[in-house]
Amino acid sequence: MANLILYGHEESGHSYKVALALALGRIGHEFRWVDVHAPREQRRTDFQAVSRFGELPVLVDDGVALAQSNAILLHLAERHRVLGGETKERLAQSREWLFWEANRIGISLANIRSMIRFEPGHDPGALDWLRRRFQQDAERLDAELSKKPFLLGEAVSVADASCSAYLFFADEAGIEPSTWPNVRRWMDRITSLPGFRVPTELMRKP
């Protein structure tokens with residue numbers, strides 16, 4: 001689909017949420033790589049022109065630029081009626097999980113990884129706090145996934161793409177998902193789905 005463009009980077013967990021959803025939903029698009037390590041004013045000019053906040057990812061759909069990964073996921077589900085967008089009820093359930101993720105994993109695991117990988121002088125106290133918070137998040141997911149294969153039930157949704165994306169970078173945060181067996185099995189189910197690819201395969205540098 002030539003009118004759908006994703007700007008992202010293979011090291012960006014938020015970009016991976018969207019790239020993964022596009023892959024699982026079999027939604028055709030063009031991918032444009034953006035150097036996330038470059039100063040914002042030095043990133044590709046077409047990205048700067050459409051990025052409201054200067055952050056990844058950005059999805060351009062038929063000329064309209066959309067920012068913030070979870071907002072993009074809801075847009076994709078609703079517009080294409082896939083991955084939880086098939087009914088109003090499933091879309092509402094997806095929305096709840098996406099807001100939960102933004103307040104929980106999007107804070108805890110994303111920042112643990114960022115501090116370990118990119119902030120060598122980080123505050124140990126802050127890191128400990130984030131680890132305790134992620135422990136609670138993983139336990140919540142593990143309990144939920146003891147009842148069903150995916151977060152909304154029998155079928156994968158944008159809720160799964162959002163809540164799992166950073167877990168595929170967990171080793172970079174010193175975290176082993178197998179600590180939570182239901183979470184590990186859920187991740188294995190996602191990796192076995194048609195269209196699944198790891199970040200470096202979905203968001204290759206040209």
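Some ground rules. The model is predicted, so local features need pLDDT of at least 70 and side-chain atom pairs count only at pLDDT 80 or more, while totals for chains, interfaces and linings use all residues. Residues are numbered from 1 along each chain as its sequence is written, and side-chain values use heavy atoms, with hydrogens and water left out.

I start with the pockets. A pocket here is an open set of points on a 1 Å grid over the protein atoms alone, where a 1.4 Å probe fits, with protein on both sides within 12 Å along at least five of seven lines; lining residues have an atom within 4 Å of a point. Volume is the space filled by probe spheres set on the points, which are joined across faces, edges and corners.

The largest pocket has a volume of about 420 Å³. Its lining has 18 residues, and the closest to the centre are Glu11, Ser12, His14, Val36 and Tyr166. Helices are DSSP runs (H or I, at least four residues), numbered from the N terminus. H1 (13–24) and H5 (108–118) each supply at least two lining residues, and the largest share, five residues, comes from H5. By class, the lining has five nonpolar, seven polar and six charged residues. Nonpolar means Ala, Val, Leu, Ile, Met, Phe, Trp, Tyr, Cys and Pro; charged means Asp, Glu, Lys and Arg; the others, Gly among them, are polar.

The second largest pocket has a volume of about 200 Å³. It is lined by 13 residues, with His14, Lys17, Gln68, Ser69 and Asn70 nearest its centre. Two or more lining residues come from each of H1, H3 (69–80) and H4 (88–103).

Now the helix pairs. The axes of H3 and H4 come within 10 Å and cross at roughly 165°. Axes are lines fitted to C-alpha atoms, for helices over the stretch in contact, and angles run from 0 to 180 degrees between N-to-C directions. H3 and H4 are therefore roughly antiparallel, a label for angles over 145 degrees. In H3, Asn70, Leu73, Leu74, Ala77 and Glu78 meet Leu91, Arg95, Leu98, Glu101 and Ala102 in H4, where contact means heavy atoms within 4.5 Å. That contact has six nonpolar, one polar and three charged residues.

Last, the axes of H5 and H6 (residues 124–144) come within 8 Å and cross at roughly 145°. Among the residues in contact are Leu109 and Ile112 of H5 and Leu130 and Phe134 of H6. This contact divides into eight nonpolar, two polar and three charged residues.

Conventions:
Angles under 35 degrees count as roughly parallel, over 145 as roughly antiparallel, 65 to 115 as roughly perpendicular and the rest as oblique.
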